[in-house]
Amino acid sequence: MYEHDVIVVGAGGAGLRAAIEAHEEGADVALVTKLHPVRSHTGAAEGGINAALHEKDSWDLHAYDTMKGSDYLGDAPAIDAFAKEARHEVIQLEHWGMPFSREEDGTVSQRPFGGLSHPRTTYAGAETGHHLLHTMYEQVVKRGIEVYDEWFVTRLAVTDEPNPSDRTCHGCVAYEIATGELSGFYARDGVILATGGLGQAFDHTTNAIACTGDGQAMAYRAGAPMEDMEFVQFHPTTLPSTGVLISEGVRGEGGILYNDNEERLMYEYGYANNDGELASRDVVSRAELTEVNEGRGIEDEYVHLDMRHLGEERIIDRLENILHLAEDFEGVDGLDEPMPVKPGQHYQMGGTEVDEYGHSCVDGLYAVGECACYSLHGANRLGGNALPELLVFGARAGRHAAGAVEEEPEIPTGPGAKSDDWDEESPAELGAVDATDPIAADGGAVATPQEVLEQAVETERERVETLMERDGINHADVRAKVQKTMTENVNVFREESNLKQALKDIREAREEYQNVAVADPSRTYNTDLIHTIETRNVIDVAEAIALGALARKEFRGAHWRKQYQERRDDEYLKHTLYAWNGGNPELYYKPVILEGHEEKYEPKVRSY
Amino acid sequence: MSTKIEEKPETETEADEQTSPGEQRRELKRERAAEREQQIQEELSEAEETVGIKVFRFDPEVADKEEPRFDSFTVPFFRGMSVLDALVYARDTYDSSLTFRHSCRQAVCGSDALFINGRQRLACKTQVSDLEWPIRIEPLPHQDVVKDLVVDMEHFYEQMHAVEPFFDPDETPDGELEEQRQTPENREKVKLSTRCIWCGACMSSCNIAAGDNEYLGPAAINKAYRFAMDEREGEDRKQERLRIVEQEHGVWRCQTQFSCTEVCPKDIPLTEHIQELKREAVKSNLKFW
C-alpha cells in the first residue's frame, strides 16, 4: 500500500495545479495518472486563458460575462471567486515561465474571445494548453512531487454510511498498467479527482481517447452526485473528418463563417446581430447546424471558416498551429482556402458536484477541472474560461485538502441541498443491472481507513479477475453503441423521442456490458483491460447526460429542446443532480445561487 | 423516481447449465464473432481499396508472443486515414490485444511515436496514402520494448529531467506578483524550442544516443536551450544551464547528423539548437577564462 497526505488523480492542468498548491502548503502529495502528465488533454487546448489584466478591465466584468454566458445557471460564489483569482493565477503562471505571446512593450498579449466584453484572453500562439501543461509539469518536477504515471485509478476507497454526506474518502485503488499490479493508495488528508472530460461518450469529439469520464463516474458510484450533466458544449469549429479542434482564436482574430451561398451566416440569418462569429459557442453551433438543416451547408455537412483575409504574417504569428492542424488532419491549406468546420462535442459543463473549494459531499473527496461542477460554467462555458478555471480551482482544492482553508463554503452539496425531486418515470431502467456494487465496508460497520482500502482493493481484484478469466464480448462494441446513440440523439438539437431512445439504447449497452470480457490474457500493459474498465464509466456518464436532458424541459445555454423554446426561470433556475443511490439512481434538483460577493445577479435575456 | 434492480444469478452453479451466464456469454461471443466476420467482409468489399499493415508483436508473458514476430492485418482504406486509424481498426476489429499508446489523435500528446516504414513518425499525423504499402509498423528503435509497440520511456524521461527542465529565475520577487516583461523577439527566439511534445522520436533516431546511453539527447538539450535562451531567467542561471549541457555526455557529443531534426514531428530545429548551445558554451568559457 502507498501512503500520502494528498493524492491527486489525473495530471492535466487541474491536477498539476492542485498538486503544486498542496505541496506549497506543506503536504506530502502524489499525482496518480493513467497517462504520463505531458500526455494529458489539457495540452490540446488552443485558444487561451481569460483574466482581467488591463486597467480598463475588472474582475466584476469577467464575472458578469461568465454569469451571462452560463445563462444564469452558474453559482455566484464560484463565479466571483474565479474572476477575482484568475489574474493572480495568470501572473503566477507567467512567473513559472509560461511562454505567452507578447506585445511590443513586452506585456502579455490579450485577444477578444466569444461572449467577452473586453479582450481578456491571454494566449501562447494557438497552443496555449500545451504550454500551460508543460510549464506546470516542469514546476512539479522542480518541486520533486511524486508522480505515479501510467497508473489507472479504478475505484475510490470510501466508507459506506447510508447518507453520502456522512462518508469519508480514504484513498483509491490503482492499477499499474506496465505490470498489472493493483494497489491501495491511502490518502491521509484527501483525494483530488482531476480526470478531465468525457468526450468518449460521443463519436465526434475534440477530446482524447483517454477522456472517458473516469472521475465523474467513480465519484458518482461512491456517493458524490453528478451535477448539470445535460449541459454539453459542442464547439462550433471542429474538423469534419476527425473532430480535431480549430481554435476560437481564429474567430477572435477576425475569422469569418460562410455557408454554401458564401453568405456571412451569423449576420445574414440573424443568429447574432451584434457579435456575429464571436457570439457564445452554443449560439454559433446551433447557427451552423441550422444552416446545414436548411440546405445551406456545404456537402450537407459543414460550413466554411475563412481566415485568409487576416494575412499570412498575422496568421503565422498568432495562429500557426491552426495551419498545421488543417493541413495534417483535413488536407486543407488555411492560407489558400477556407477551412471546413462543424460542431463537435468539446466540453462537459457538468461534473461531480462540489463547492467553491472543489470539495464534494463525501469528506476528503475533491474534484477539480472539467470533471467537476462548482458550478462555474452553468449552462454554457465561455471560450478561454476552462484554463483559468483549472488554475483557480486546482489551487483552491489543493489548499483546502492541505488544511490551509478556514472559511466555510457557501455552496451546499449532498442530499441536504435538495429542493425538489424529479417526479416523472424514466423510459428505461437506470443504474445497476446486477446486485448492487458495494462501496467499501459492510453494513456501515466502523472500519479503519486501512480496512476500507483493503476491501476496495479486494473488490477491484475480483472485478479484474472476472473480466480476465471469463469468456465474452469485446467492450468496443458496447462503447460504440453508446457513442452512436449519444451523437444521434443527445446532440446540439434535442427532442423528447430521441432522448428516450438514447436512454433505451444506453440501458441495452449496460446490459450487454454484463457480458464483456478481456481477450488479452497478459498482465503486461493490458490496454484491452483498461479500455474495458473505462467503458463502464462511459455508460454511467452517458446515462446522466441523457436523463438530465430529458428531465429539463426548457432551452437554456447549450441545452436546446425542440418542444420548449424558452428559458423557464420560474421552473428551472436550479441545478440537476444525479445520485447513484446504491445502484438505484435518483434525479433531483437544488437552487441556483445568484447572490454574489458584491451584488445579486439578475437573470436577463441572453443575446449577443 | 426509482427503478428496480433486477437480480441475476452470477455463478454457473446456480443456474441451469443451458442458460448459465457463462454459457450465455460464450454464445453471445460466438454470435458477435460471426456478425463481425460478416461486417469485416462487407467493409472490405465495399472499400475501394484495402491497405495491409505489418505490425511488430511481442509480449514477454504470453506463450506465442515471447518470440517477436510480425502480424499482418488488412484494413479498409479511406481518404484521410492515418496510420493510427489503421492500428485502431486492426485492434477493435481483429485483435483486442494489439497494444500501442495513443490519446489525443492530433499530434500534441506525443504518445504514438513509432517506427513506420523505417522512420520515426507520429502515427496520428502520418497519412496512410503517403506511405508505401504494406506498411511496416514497429516500436521506436533503441528503447526496450515493453509489449508490441509500447516502449519503456523511463530513460527518455530521466534524460529530460537531467537538464533541470523548469523555469528557475535568479531572483523571485516577494509579495504580490507583477507581470514580467519579455520582448517579442526573445519570445520568438524560444518559440520553436517550446513546441517539444516529449515523443522521443529524436532520441530514437540518434546514432550517438544509441551508442552512448548517458548522452542527454536532442530533446533534453533542446529543453535546456528553451530555458537558457529565455531572457527572464537571468545570467547566473544561464551559466549553470550551460555547465549542465557542456558535460561529457552533453552537447559536444552531437556530430550534427541532423537525424533528430529530420524526424521531429513539430519541426523543431534541434541540431541548430544544439550547435547554438555549443557556441554559447565556448563564448562563456572564453569570458571566464
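**Two chains, questioned**

Colleague: Take chain B and its contacts between residues at least 6 apart in sequence: what share join residues at least 24 apart?
Modeller: This is a predicted model, where local features need pLDDT of at least 70 and side-chain atom pairs count only at pLDDT 80 or more, while totals for chains, interfaces and linings use all residues. Residues are numbered from 1 along each chain as its sequence is written, chains are lettered from A and ligands numbered from 1 in the order in which they are written. Two residues are in contact if their C-beta atoms, placed from the backbone, lie within 7 Å. Among chain B contacts between residues at least 6 apart, the share joining residues at least 24 apart is 64%.

Colleague: And what is that share in chain A?
Modeller: Take contacts in chain A between residues at least 6 apart in sequence. The part of them that joins residues at least 24 apart comes to 75%.

Colleague: What about the radius of gyration of chain A?
Modeller: Its C-alpha atoms fill a box of roughly 65 × 50 × 50 Å along the principal axes. A compact globule with 608 residues would be near 25 Å, and chain A agrees with that, at 23 Å.

Colleague: What percentage of the residues in chain B are buried?
Modeller: Buried means 20 or more other C-beta atoms within 10 Å of the residue's own, exposed means 12 or fewer, and partly exposed is in between, with C-beta atoms placed from the backbone. In chain A, buried residues make up 65% of 608. For the 289 residues of chain B, the figure is 40%.

Colleague: How many residues of α7(B) are buried?
Modeller: Helices (H or I, at least four residues) and strands (E, at least two) are DSSP runs, numbered from the N terminus. Helix α7 of chain B covers residues 218–228 and is mostly covered. Its buried residues include K223(B) and R226(B), along with I221(B) and F227(B).

Colleague: Which element gives the largest share of the side of chain B that touches chain A?
Modeller: 54 residues of chain B are in contact with 72 residues of chain A. On the chain B side, α1 (21–46), β6 (145–147) and α4 (184–191) each supply at least two residues. The largest share, six residues, comes from α1(B).

Colleague: How many residues of domain 3 of chain A are in contact with domain 1 of chain A?
Modeller: Domain bounds come from an automatic or database domain assignment, which gives domain 1 as 2–232 + 346–421 and domain 3 as 449–568. Their C-alpha centres lie 22 Å apart. The 39 residues of domain 1 of chain A are in contact with residues of domain 3 of chain A numbering 38.

Note on methods. The radius of gyration is taken over C-alpha atoms; the globule rule is 2.2 Å times the number of residues to the power 0.38.
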